[in-house]
Amino acid sequence: MSIQAVTNLLGLYCEAMDSADFDAVGALFRDGSLCDAHGNTLVEGADAVAAFYRDSVQLHDGSPCTKHLVMNVIVDDHDDSAGTATLRSSYLVLQGLDGTMAPMITGRYRDTFARDADGWHFTERRFFVDLAGDLSHHLRFDI
């Protein structure tokens, strides 16, 4: 059952991002970090992750107007007794504004997880960007 608990975190991340619940996103990374593709830490911990997304994502009437999709999940390592897991996945982010919907960005995640007394959580998420479209209505920075 614990591998399901780990993969559920991928969906919880998407739900929280699409509802602009950046505190919930941060909570997923309570003991984790967001990193670039090379492993360089961008931010670490719940408060810093929540602030990063709050400062980075543009909202339109309180919503980012996005749909995050995570697919092609590959479990590279899962050790329930040790409470560790590593997964790879692909992502696609759609945005719907002014009656149109378009893909904005697609790429890959490499996630590591740990389990403690409070359950499973992210320890690291590495972002890999494969293709990027118009992000001008989504992010407040250039990638």
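Just after helix α1, Ala 20 adopts a positive phi of about 60 degrees. The model described here is predicted.

The buried positions of α1 are Ser 2, Val 6, Leu 9, Leu 10, Tyr 13, Cys 14, Ala 16, Met 17 and Asp 18. These buried residues pack against both helices and strands. The helical partners are α2 (22-28) and α3 (46-56). The strand partners are β3 (66-79), β4 (84-97), β5 (100-116) and β6 (119-132).

Charged pairs were examined next. Side chains of opposite charge can pair when their charged atoms come close. A search of the whole structure finds eight salt bridges. Three of them are described below, one of them being that between Asp 23 and Arg 54.

In the Asp 23–Arg 54 pair, the closest N and O atoms are 2.6 Å apart. The pair links distant parts of the chain, 31 residues apart. Asp 23 belongs to helix α2, and Arg 54 to helix α3. Asp 23 has a relative accessible area of 52% and is therefore exposed, the cut-off being over 50%. Arg 54 is partly exposed, at 39% relative accessibility.

Arg 30 and Asp 116 also meet through their side chains in a salt bridge, with an N to O distance of 2.8 Å. Here 86 residues separate the partners. Arg 30 sits in the loop between α2 and β1 (33-35), whereas Asp 116 is in strand β5. Both residues are partly exposed. The relative accessible area is 27% for Arg 30 and 32% for Asp 116.

A further salt bridge joins the side chains of Glu 124 and Arg 110, at 3.9 Å from N to O. This pair too links distant parts of the chain, with Glu 124 in strand β6 and Arg 110 in strand β5, 14 residues apart. Glu 124 has a relative accessibility of 16% and so counts as buried, the cut-off being under 20%. Arg 110 is partly exposed, at 29%.

Conventions. Residues numbered from 1 in each chain as written. Predicted model: local features only at pLDDT ≥ 70, side-chain atom pairs only at ≥ 80, totals over all residues. Heavy atoms only, no water. Buried < 20%, exposed > 50% of the residue type's maximum accessible area, 1.4 Å probe, protein only. Helix = DSSP H or I, 4+ residues; strand = E, 2+ residues; numbered from the N terminus. Contact = heavy atoms within 4.5 Å. Salt bridge = Lys/Arg side-chain N within 4 Å of Asp/Glu carboxyl O.
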